[in-house]
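Open your viewer and get your selection tool ready.

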Amino acid sequence: FLWQRDIMNKLASATLALYSYDSNPDETTVENIMRQGISLTAKFPVIISHAYQAKRRYFDGASMFLHVPDPERSTAENILHLIRPDGKYTDDEAKLLDRCLILHAEHGGGNNSTFTVRVTSSSDTYSAIAAAVSSLKGPRHGGANLRVVKQFEEIKENVKNWKDEGEVRDYLCRILDGAAGDGSGLIYGMGHAVYTISDPREVILKERAKHLAYEKGFEEEYNMLCSIERLAPDIFAEEKGSSKPVCANVDLFSGLIYRMLGISEDLYTPLFAIARVPGWCAHRVEEVIFANRIIRPAYKYLGVRQKYKPIEER
């Protein structure tokens, strides 16, 4: 029962369970995979929202509020309706969450969870998508925005004057050296494997976050994130001696936006899964229909070649 503490685990198991409720789970035609993909895209927000309510009740000792999804509402509207006790939200809040989902949608086959879909697409749709959910879980991929929030809280606790860029800079140097933070030497929210000069998703979220921050009293938090974005590239260059450009990524401001929307940290990574599932299913269609082969990674042995020794001589 304890594995249900994390909603991503619950989502993965619920996705696998849906196989049993599908009258045609294994057929790999385009039409059938599309049907399954549309169904999963519709079900993910409800599974996640109700799993969150169950966690509140059985692990957090809080009340559980269950609302019925409305087919007339958008995905973002239904999410806010399902997770909030009163089911209410504003039009601006729903549009902002919708923008977050669009910006977090699948944007290439090279990332961890999408590659997982492709490498498991020799199986059924539910197994492949459950594998992607499992791959998305974790601080280096889907959980990165939660890492940003936790590191940000630590910076706030240890930097006395948030407006003093020198003090902020000194603490970022300590994080990069592994003397502060979680010891990883990573400034979460900075750097991306593909986007180096600029992450266009971050640019849009930063702009949208500013309006909400000033409206909801998060102005100081927003400004500190802007300072981190401004200072970190030079710190990377000085400390690492690298000329490779480093920019902020989409996770830098997304956690703050979720917090300003009153969304629990339990839902940060599951929201990422909601955004990614249509793209995962599209990649599965492409893999099954056009590639239709098992992906076999190539390994190269780097050890010293040794002469075989019989068992009795070992």
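This is a predicted model: local features need pLDDT of at least 70, side-chain atom pairs count only at pLDDT 80 or more; totals for chains, interfaces and linings use all residues.

Residues are numbered from 1 along each chain as its sequence is written, and side-chain values use heavy atoms, with hydrogens and water left out.

**Stop 1: the largest pocket.** Select R140, G191, H192, A193 and N249, which are the closest to the pocket's centre among the 36 residues that line it. The space here is about 880 Å³. (A pocket is an open set of points on a 1 Å grid over the protein atoms alone, where a 1.4 Å probe fits, with protein on both sides within 12 Å along at least five of seven lines; lining residues have an atom within 4 Å of a point. The volume is the space filled by probe spheres set on the points, which are joined across faces, edges and corners.)

Now colour α7 (144–158), α10 (219–240) and α12 (268–291), each of which supplies at least two lining residues. (Helices are DSSP runs of H or I with at least four residues, numbered from the N terminus.) Which helix gives the most to the lining? That is α10, with 3 residues.

**Stop 2: helix α8.** After the helix, look for G178, whose phi is positive, near 85°.

Next, show the side chains of V168, Y171, L172, C173, I175 and L176, the buried residues of α8. (Buried means under 20% relative accessible area, with a 1.4 Å probe and protein chains only.) Among the elements covering them are α7 and α10.

**Stop 3: R201.** Move to helix α9 (residues 200–216), where R201 sits. R201 is buried, at 8% relative accessible area. Leaving aside neighbours within four places in sequence, R201 is in contact (heavy atoms within 4.5 Å) with L103, H107, H192, Y195, V250 and R276. You selected H192 at the first stop, close to the pocket's centre.

**Stop 4: E93.** Finish in helix α4 (residues 91–103), where you will find E93. Is E93 buried or exposed? E93 is buried, with a relative accessible area of 12%. Not counting residues up to four places away in sequence, E93 touches L80, R84, K216 and L261.

Technical notes:
Buried means under 20% relative accessible area, exposed over 50%, partly exposed in between (1.4 Å probe, protein chains only).
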